[in-house]
Amino acid sequence: MAVIPAVTPAKPAQDPVVFMAGGPGGDTFDDIPFLVDSGLNKDRELIIMAQRGNLYDQPNLACPEIDRFNAQAVGLRYGAQPAQQLMLKAVKECRDRLVADGVDLSAYNTTENAADFADLRKALDLPRWNVYGYSYGSDLALTYLRLHPEGIRAFAIDSITPPQSAVLPWGWSSAAEGIDNIFEACAAQPACKDRYPDLPRMLTEQVRKLEAQPLTLDVPPPSGGKPVKTVLDGGALLNLIVAFNPRPKDIPAALDELSNGNPERFAKARAAGSVQKKVGEFAHGLTNSVLCSELAPGYSESDVLDAGRKAFPGWPDTVLAQVPQLPFQYPACRIWNVPDRASVQRVATISSVPALVISGTFDAKTGMSWARDVIRDLSGSTAVQIPGIGHWVVPQSPCAQRVLASFLARPTAPDTGCVDDLEPEPFTIIPK
């Protein structure tokens with residue numbers, strides 16, 4: 001763990017902010033620059049702790065086997081059998097290695113994560129602190145608030161993953177909501193609407209076309225180096241958009257270029273995955289332990305496909321069969337083989353602690369409508385939606401930063417006025 005001092009030269013506030021990172025499995029310390037640039041430590045200390053199983057922890061649930069697969073995957077069809085076989089082989093190798101080292105994979109879950117943070121507050125002898133978590137960190141934060149409410153002064157979550165309703169098929173509704181909001185924002189800007197009049201049709205056409213006839217290209221990664229074999233099919237296209245690669249303001253232009261025979265933006269974005277700069281730093285083992293014990297149980301591959309068909313009617317089943325960002329997760333979970341914890345984790349958090357709930361309208365990973373599932377149970381909550389921003393809102397939005405600072409200063413009366421006049425930034429317009 002680390003404590004980042006307050007910037008304010010005068011006496012800082014006595015109640016620090018503790019941060020709960022997304023993932024699960026990401027290196028929490030990588031997030032420090034974004035948090036500092038967002039002003040989290042302006043008036044109070046910022047406390048960072050790696051979640052159990054992450055980099056620097058013992059044991060570390062890294063899976064370099066999966067990192068190496070991800071580097072190979074850019075040259076394979078996204079959801080096809082060869083990719084599945086290689087990924088599942090990597091998952092099994094990682095699991096076998098961790099278990100052989102004596103790791104109890106069932107001990108890596110959100111309940112235990114939350115208990116670690118409760119222990120941290122006591123170890124630091126802090127009577128109270130403020131909580132800020134995003135993405136999976138919001139799931140963790142809500143679990144922490146439910147199980148360990150003592151000592152929480154104010155509670156902020158960003159890009160919401162509600163524990164009571166977070167299941168794997170849910171990825172499809174989030175993808176559809178975020179993409180629809182991007183397209184609707186384009187339609188609301190006259191220049192964008194005129195240049196790209198029917199983006200939903202264009203996306204559907206390109207997904208179908210690429211899934212039927214994938215493009216295979218030799219593309220240099222954006223970071224430089226020799227060209228790498230890169231396959232662009234319908235599943236890869238959808239997942240690049242969900243991951244905001246390219247950025248939302250460039251997505252209409254990139255789709256238009258693709259439809260006119262120029263796949264460069266999307267191909268380079270996929271080729272970027274061939275360079276895994278941090279092999280062994282992402283804790284895929286923590287990811288699988290949480291997903292397979294908490295989000296996967298009670299549902300199946302057929303539920304994922306049904307959710308995909310509902311979100312994107314008429315798209316190829318070969319695309320819709322895989323949860324966005326999480327291909328082959330159900331067969332991976334059969335290999336990972338951890339106990340079902342759905343009944344103890346899928347519980348709503350009911351609280352009157354002052355809460356700030358932040359969502360981005362362009363978020364295609366944790367759709368903004370999922371905030372409704374938690375707001376109704378947080379009686380002291382203030383909800384804000386930031387137009388034109390995707391996943392993890394605060395580092396991307398100066399207005400969200402001001403709202404969060406105001407909330408931490410006055411949890412029961414935050415100033416949300418800057419949100420009223422916000423609009424998405426102009427989309428990129430390329431010549432016809």
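Q325 lies in the loop between α14 (317–320) and α15, where helices are DSSP runs of H or I with at least four residues and strands are runs of E with at least two, numbered from the N terminus. The model is predicted: local features need pLDDT of at least 70, side-chain atom pairs count only at pLDDT 80 or more, and totals for chains, interfaces and linings use all residues. Residues are numbered from 1 along each chain as its sequence is written, and side-chain values use heavy atoms, leaving out hydrogens and water.

Most residues other than glycine have a negative phi, and most peptide bonds are trans. Q325 is not a glycine, yet has a positive phi; at 32% relative accessibility it counts as partly exposed (buried is under 20% relative accessible area, exposed over 50%, partly exposed in between; 1.4 Å probe, protein chains only). S159, in strand β5 (residues 152–160), counts as buried at 1% relative accessibility.

| Residue | Positive phi |
|---|---|
| S159 | about 60° |
| Q325 | about 75° |
| G102 | about 90° |

The peptide bond from G23 to P24 is cis, with omega near -5°, and P24 sits in the loop between β2 (17–20) and α1 (32–37). The bond from Q58 to P59 is also cis, with omega near -5°; P59 belongs to the loop between β3 (46–48) and α2.
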